[in-house]
Amino acid sequence: MPLPPAPSKRAALLAPDAYSLRAAEEPLELLDPTGAPEPSSANEPIARKLPSNTRPNGRERKSGPPSPVVLRNEAPQAPVAPSPQARRPREDGPAAVAPANVAPVASKRRRNAGKSTYSGPARLFVLDTNVLLHDPMSLFRFEEHDIFLPMIVLEELDGHKKGMTEVARNGRQTSRTLDALVAQQGGDMTKGLKLSATGHQSARGLLFFQTEPLDNALPASLPQGKADNQILGVVHALREHHPQREVILVSKDINMRVKARALGLNAEDYQNDKTLDDGELLYAGALALPQDFWTRQSKTIESWQSGSHTFYRVSGPAVGQFYINQFVYFEAPGEPSLYARVTEIRDKTAVLKTLKDFTHLKNAVWGVTSRNREQNFALNLLMDPEIDFVTLAGTAGTGKTLMALASGLTQVLDDRRYTEIIMTRATVSVGEDIGFLPGTEEEKMGPWMGALDDNLEFLAKGDGGNAGEWGRAATNELIRSRIKVKSMNFMRGRTFMNKYVIIDEAQNLTPKQMKTLITRAGPGTKIICMGNLAQIDTPYLTEGSSGLTFAVDRFKGWPHGGHITLARGERSRLADFASEVL
């Protein structure tokens, strides 16, 4: 292998291949045992590696992991860095000690698949029971790091395995996964079980069980019989027994993490279930074009007419921010406004299609017109037969349910595009539960569908108003006959064909529940998910881990899906003011 080129920049700016161990090791073979240089030719330079705390320019490195660097015409001064296997001995199980000259580097654990950039010794994560009940696949989400399960966690898993709830199903799945890991051929529980034995190659660490009692020295004020305190005692004992390794408690329980930090223990939330770290990063579905957009595009723009829509083919740096079915708008004083949707992206060019104006009465949808820019975007998505999946997010009073129902009634009763409307929602109460509800499935769902009744009353008010009481009753009966209210508990295994499905309060769904509902769609079915991420009532769900956030992020850029975040409330001035100040 030829020698790598001499670095011409600072070590931090070199290409990754210049840092590889192989490139630094092989030139060292040119040195004889006495340490004298032995080049293969008169003009061939001699390679060596600088000490880990030295830069190529001779200055001392202040911080950061050691990096092998190849220089020319220098005598050897430092040995080759130890291999990753030497850094992470596995013979002693969780008590494996890293070499003294390798310090752990504090870096945030990545949730995305791929090669980890962590260069220190493997950490030891102690999982709380609620993490396994929340995500049974959490065992395989920690990359090259190790996992430790206290005995009390296995005891709590056994107590949650009965029942038909999602928690019980997750508990049973976790138990089956642990059984498969324990049954691996050649496995030794005292030395650790390979997490990759069941096919999860991204999990390169080991799984350890508590096989012996661990002495802990927790304060006497903490009740020793409580499961949380026993787990804290295990974490404390592991940290005392293995000071060379970083022992971290992973729990979804906030109070558990607070108690751990009060005792001086490392504790983290389980981050892998979060689609986004910050709710502000959620895809909004609309993008404002810069003020100089048209002046930049004046020479390269191409436009044509097709029916009632105008198409523009544009290029430039702004195209890199576009997604398929994303709405773009241009508003500037003294200039005509543009409201369009991205229909095609090819290389550095994009095609924009102008929208239908639903603010005008002639384009009213079941008597409903849009009152702001975002509502017009939403109605364009809801009325487009090529869009199969629509997500609407927004605060209270932005018109999500009203627009979805009006679009559904128009396409079911007028256009005959769908056979009926199916509406469901997560039955999570805001306050105290009132107990069991009598009647059939639809009657039990009645109290949860107050939003449906309120909006239907408004939509039916316009039709049949001149026909008197009989006309209004006939209209209500016709509308009711085409709307079915279903419970989410009985959705598994169903297939909806040519249906218009509305999922209300979708922010209270987990990603797994969202997947279960969306995969019910058959040929010709359209699904609308609506929710307000500021009104999550389900325990352990946040804005970053909600099923609505999960769906918005995963369907971003799909040619048959669209999303819009509604910003302005149109319910009443009282509701708008309350949303701002309360």
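# Close-up views of a predicted chain

**Figure 1. The whole chain at a glance.** Residues 24 or more positions apart account for 66% of the contacts in the chain with a separation of 6 or more, where contact means heavy atoms within 4.5 Å. This is a predicted model, in which local features need pLDDT of at least 70 and side-chain atom pairs count only at pLDDT 80 or more, while totals for chains, interfaces and linings use all residues. Residues are numbered from 1 along each chain as its sequence is written, and side-chain values use heavy atoms, with hydrogens and water left out. The chain holds 16 helices and 18 strands; helices (H or I, at least four residues) and strands (E, at least two) are DSSP runs, numbered from the N terminus. Of the 582 residues, 44% are buried. Here buried means under 20% relative accessible area, exposed means over 50%, and partly exposed lies in between (1.4 Å probe, protein chains only). The accessible surface of the chain comes to about 31,000 Å², and 52% of it belongs to carbon and sulfur atoms. Such areas come from the Shrake-Rupley method with a 1.4 Å probe, and for residues only the protein chains shown count as cover.

**Figure 2. Strand β2 and its partners.** Which way do the residues of β2 (residues 146-149) point? Asp146 and Phe148 point one way, Ile147 and Leu149 point the other way, and all are buried. Strand β1 (residues 124-127) pairs with β2 in the parallel sense over 3 bridges; two strands pair if DSSP finds at least two bridges between them. Phe125 has Ile147 in β2 as its bridge partner. Strand β4 (residues 206-209) also runs parallel to β2, joined by 3 bridges, and there the bridge partner of Ile147 is Leu207. With helix α3 (residues 129-134), β1 and β2 make a right-handed β-α-β unit. Right-handed means that, with the strands pointing away from the viewer, the path from the first strand over the helix to the second runs clockwise.

Figure 3. Strands of a sheet pair through backbone hydrogen bonds, either parallel or antiparallel. In this view, 6 strands form an open sheet in the order β15-β14-β16-β17-β13-β18, with parallel pairing. Because β15 (483-485) and β18 (561-566) stand at the edges with a single partner strand each, one side of each is left without a neighbour in the sheet. On average, neighbouring strands of this sheet are turned by 15° against each other, direction ignored. Look for β16 (residues 499-504) and β17 (residues 526-531), which run parallel and are joined by 4 bridges. Tyr500 finds its bridge partner in β17 at Lys526.

**Figure 4. Helices lying across the sheet.** Helix α9 (residues 373-382) lies across β13 (389-394), β16, β17 and β18, running at about 155° to β18. Helix α15 (residues 547-554) lies across β13, β17 and β18, at about 125° to β13. For these angles, axes are lines fitted to C-alpha atoms, for helices over the stretch in contact, and angles run from 0 to 180 degrees between N-to-C directions.

**Figure 5. Helices α9 and α10 side by side.** Two packed helices are described by the angle between their axes and the distance between the axes. For α9 and α10, the angle is about 35° and the axes are 10 Å apart. Their crossing is right-handed; this is the case if the near helix is turned clockwise from the far one by less than a right angle, and anticlockwise gives a left-handed crossing. Gln375, Ala378, Leu379 and Leu382 in α9 meet Met403, Ala404, Ser407 and Gln411 in α10. Zoom in on Ser407, part of helix α10 (residues 400-414). Is Ser407 buried or exposed? Ser407 is buried, with a relative accessible area of 0%. Leaving aside neighbours within four places in sequence, Ser407 is in contact with Val365, Leu379, Leu382, Met383 and Tyr500.

**Figure 6. Leu456 and its surroundings.** Leu456 sits in helix α12 (residues 450-462) and is buried, with a relative accessible area of 5%. Beyond its neighbours within four places in sequence, Leu456 is in contact with Leu405, Leu409, Ile479, Arg480 and Ile483.

**Figure 7. Two residues with positive phi.** Most residues other than glycine have a negative phi, and most peptide bonds are trans. Glu143 has a positive phi near 55°; this residue lies in the loop between α3 and β2 and is buried at 9% relative accessible area. Asn498 also has a positive phi, near 55°. Asn498 belongs to the loop between β15 and β16 and is partly exposed, with a relative accessible area of 35%.
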